[in-house]
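Please look through the structure shown below before reading on, and keep it in view while you follow the report.

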Amino acid sequence: RSESISRICAIGRMTLSTKILLTITCQNLVSKDWMSKSDPICVVYERAADGAKQEVGRTEWIKDCKDPVFQTRIDVDYFFEKKQRLVFDVRDVDDPKKVLDGDEIGSIECTLSKIIGSVKGKLTDKLKHSNGKETGSITIMSEEQGGRDKDVMYVEMRGVKLANKDGFMGKSDPYVKLIKLRKDGQMTDVHRTETIDNDLNPKWKPFTVSMKDLCNGKQDEKFKLECWDEDTFSKDDMIGWIETTFNELAEKKTVGLNDRPGGNTKEPGSIAVDRIHIIRYPTLYDYISNGCELTVSVAIDFTMSNGDPADPNSLHYIQPDGSLNQYEQAMIGVGEILVEYDQDKKIAVYGFGGVVAGHSEASHCFPLNGNINKPEADDVAG
């Protein structure tokens with residue numbers, strides 16, 4: 001099942017898994033305390049195929065609040081080709097160290113794909129107590145944490161009144177370097193512009209640089225920009241530097257340079273950004289969370305190559321014990337995953353290579369329900 005879906009999506013060269021951050025808020029929670037509002041916390045579980053639950057994460061504990069906006073986000077791995085059932089259990093807790101001893105407020109159970117496939121990746125639903133009563137509502141917002149590996153930053157920049165490092169013999173020959181600031185304290189050169197000779201107000205050619213390589217794909221993560229004067233017969237001289245972010249460059253447009261360490265240049269100059277934006281390559285999450293739906297259709301092979309349905313070796317064999325044959329397993333296995341991304345959950349079911357009742361020749365496409373205008377079944381169970 002997973003291999004089949006993976007092969008289909010590999011055609012589009014999309015990544016089928018990514019990291020998702022879930023933000024949780026609740027509204028109008030019932031009070032479990034006599035004299036005050038509830039003290040809620042939300043525990044998130046993933047339910048396995050055998051029904052067992054495993055905790056994925058939990059929010060912080062908020063005291064005396066019926067409309068909590070939890071700041072702790074839940075980190076989950078999303079796999080397009082898998083059916084991932086999540087349970088959101090909201091409890092009223094007196095001691096955050098004994099969450100499971102707290103009073104049940106309510107819970108919901110849904111698939112991760114349902115959350116992502118909701119409008120803008122945001123799902124709101126009613127919380128229900130185990131006794132069936134509604135106890136408030138919950139909103140779950142999804143956000144892709146990874147997946148931006150292919151995004152690039154497009155930049156057009158120029159120098160403004162750069163310091164002259166060549167004295168009376170000429171003017172600086174400037175170029176710019178963009179440098180990644182690593183967590184271990186080291187730095188890695190990511191991009192260098194061309195050198196423009198003898199110019200204190202140079203305009204470099206437009207360039208692109210990988211957001212992942214420069215700042216881990218984050219618009220607010222700092223990187224270093226250095227401006228240098230290239231020298232042919234000696235070491236290059238630093239004109240100035242600055243630590244900045246994509247967001248800062250996009251907002252300020254012009255940033256002043258700091259002098260080199262140990263230098264005595266009062267005005268190193270500035271870097272002006274004429275154009276800057278991110279060239280974004282949509283991910284599977286982007287498509288789904290922004291309203292792209294998948295329409296599911298099924299075609300069943302009725303040719304004689306499958307054998308007599310009464311033959312236990314036939315793919316169409318109806319098992320006496322009610323177990324699923326290979327066709328049924330394939331349709332249910334793939335259908336249960338794909339139908340989550342289809343709002344009306346209608347699945348068109350066709351056959352081919354069979355003789356339809358009332359006809360004498362084999363048909364290469366016919367609706368199994370006999371209605372050519374409405375060949376859909378309701379959901380996978382239909």
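## Rings, cores and a sheet

Arg192 lies over the face of Tyr175, at 3.6 Å from the ring centre. A charge is said to sit over a ring if NZ of Lys or CZ of Arg is within 6 Å of the ring centre and within 35 degrees of the ring normal. The charged end of Lys82 likewise sits over the ring of Phe79, 4.6 Å from its centre.

This is a predicted model, in which local features need pLDDT of at least 70 and side-chain atom pairs count only at pLDDT 80 or more, while totals for chains, interfaces and linings use all residues. Residues are numbered from 1 along each chain as its sequence is written, and side-chain values use heavy atoms, with hydrogens and water left out.

Rings can also pair with one another: rings of Phe, Tyr and Trp (its six-membered ring) count as a pair if their centres lie within 6.5 Å, and planes under 30 degrees apart are stacked, over 60 edge-to-face and the rest tilted.

| Pair | Centre to centre | Angle between planes | Class |
|---|---|---|---|
| Phe80 and Tyr341 | 5.1 Å | 25 degrees | stacked |
| Phe302 and Phe366 | 5.7 Å | 45 degrees | tilted |

The partners Phe80 and Tyr341 are 261 residues apart in the chain, and Phe302 and Phe366 are 64 residues apart. Buried means under 20% relative accessible area, exposed over 50%, and partly exposed in between, with a 1.4 Å probe and protein chains only. Phe80 is therefore buried at 2%, and Tyr341 at 4% is buried as well.

A nonpolar core is a set of buried Ala, Val, Leu, Ile, Met, Phe, Trp, Tyr and Cys residues joined through side-chain atoms within 4.5 Å. The largest one holds 41 residues, of which Leu22, Phe88, Ile115 and Ile138 touch the most other members. Strand β1 (residues 17–27) gives the most to this core, with 4 residues, where a strand is a DSSP run (E) of at least two residues, numbered from the N terminus. Apart from this core lies another, of 27 residues, including Val176 and Met211.

Finally, 4 strands form an open antiparallel sheet in the order β12-β9-β16-β15, where two strands pair if DSSP finds at least two bridges between them. β12 (207–210) and β15 (254–256) each have a single partner strand, so one side of each is left without a neighbour in the sheet.
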